[in-house]
Amino acid sequence: MRRRNFIAKVASIGAAFPAMHAVGNPVGYLLNSNRKGEIVGHGDFRYRVDTHWGQLDPQKIPIDNCHEMVIDSKGRIILLTDEPRNNLIFYDQSGNLLDAFCNRFPGGHGLTLNDEGGEEFLYVTDSGWFHDHKHPNDWKYFSGNGFVSKITMKGELVFNLGHPQTIGVYEPGMPFKPSETAIAPNGDIYVADGYGSCYIIQYDQYGRYIRHFGGRNNSDPNYQLKTAHGVTLDTRNSDELQLIVTSREECSFKFYTLEGRYKKTVTIPGAMVNRAVIHGKNLYAGVCWSQIDGKAKAGTGYITILDENDRVVSNPGGQAPRYKNGELSHQIQEVPFLRHGHDVCVDQDENIYVCQWNGGRTYPMKLERI
């Protein structure tokens, strides 16, 4: 391998999982072990699948949905799950367990790492949707209020951001079920209300409201967001930082200035993408479902990779990207080594680590770049 450059009070008991998630019962589903060693991807972005990476004893370190992963300055890979006994799991890059703790996020969904003057902090987004762990085979979800927590690397709470109604940003009754955060260089916090009202809400570093934009019912299609699942700081052009906002139901990434001004849309037909992850000049994303006949089909996830020109260059687990007259064709899963690719992180050697929502309680896996 070459080296390359506080549980919320339940608001409604027995609520079904929100409509933006495909229906399915994955409990007991296990990834096929013969996928280990399989080669996936296209062009210069090809990978060897290691389904054994990150495997732990579920009796000691249980998981449920594995939502997001980040790599800290020490090279540790940090996984966020919505399993209330250990929301945060720390791995080394060989897949060995380093630590596991935290029982504060029953709806743990978004994980952002930020270096603030030499000290790293985690911003954890709890969507307010959490699995009924007492009856796991029913695959039912409860609904509570979402929130965002800033915590230390040891899990100590710094502050919470709660429902925007409390500061007069939302009207009474507007849902708030955040899915992700992004942090600007000046400390401003952007919260994607992905499962709620689909706004991007900007706060300063102390949690004071600045502005919001987007929304599910926006009359301007450039600002319309349908399942604003992710928000990411695009650092590829240091002279012009951008926000990349996922509009998952539209199979799109929408780009905005840090002040919320629309710039462009990049659509990947058929790929219901999650948050964008920037590494080098490329954009990586987990694809939760392939969209078939206009609907999300359960168990059809993969990974997509775009270059700096917004062209898809590889789809590990998906079909090879095909362009005709500059237009990308409809994309779907081809190699089913993932059910629902929820997030990826990329290491210094450009290996990919991927975790799954609704993946049958499977631990993360590694894709070794070849």
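At 44% relative accessibility, Asp 44 is partly exposed in this predicted model. Its salt-bridge partner is Arg 369, with the closest N and O atoms 3.1 Å apart. Arg 369 lies in strand 32, whereas Asp 44 sits in the loop between strand 2 (39-42) and strand 3 (45-50), so the pair ties together parts 325 residues apart in sequence. Arg 369 has a relative accessible area of 1% and is buried, because that value falls under the 20% cut-off.

In total, the structure holds 16 salt bridges. Another of them joins the side chains of Glu 116 and Lys 150, at 2.8 Å from N to O. Glu 116 belongs to strand 8 (residues 108-116) and Lys 150 to strand 12 (residues 147-152), so this contact links parts 34 residues apart in sequence. Glu 116 is partly exposed at 27% relative accessibility. Lys 150 is buried at 8%. Salt bridges with shared partners also connect Glu 68, Glu 180, Arg 275 and Asp 343 into one network. The side chains of Arg 236 and Asp 234 form a further salt bridge, at 2.9 Å from N to O. Both Arg 236 and Asp 234 are buried.

Backbone geometry was examined next. Cys 198 is not a glycine, yet its phi is positive, near 65°. Cys 198 occupies the loop between strand 15 (189-192) and strand 16 (199-203). Its relative accessible area is 0%, and Cys 198 is buried. Arg 361, also a residue other than glycine, has a positive phi of about 60°. The loop between strand 31 (352-356) and strand 32 (365-369) contains Arg 361. Arg 361 is partly exposed, at 26% relative accessibility.

Technical notes. Residues are numbered from 1 along each chain as its sequence is written. This is a predicted model: local features need pLDDT of at least 70, side-chain atom pairs count only at pLDDT 80 or more; totals for chains, interfaces and linings use all residues. Side-chain values use heavy atoms; hydrogens and water are left out. Helices (H or I, at least four residues) and strands (E, at least two) are DSSP runs, numbered from the N terminus. Buried means under 20% relative accessible area, exposed over 50%, partly exposed in between (1.4 Å probe, protein chains only). A salt bridge is a side-chain nitrogen of Lys or Arg within 4 Å of a carboxyl oxygen of Asp or Glu.
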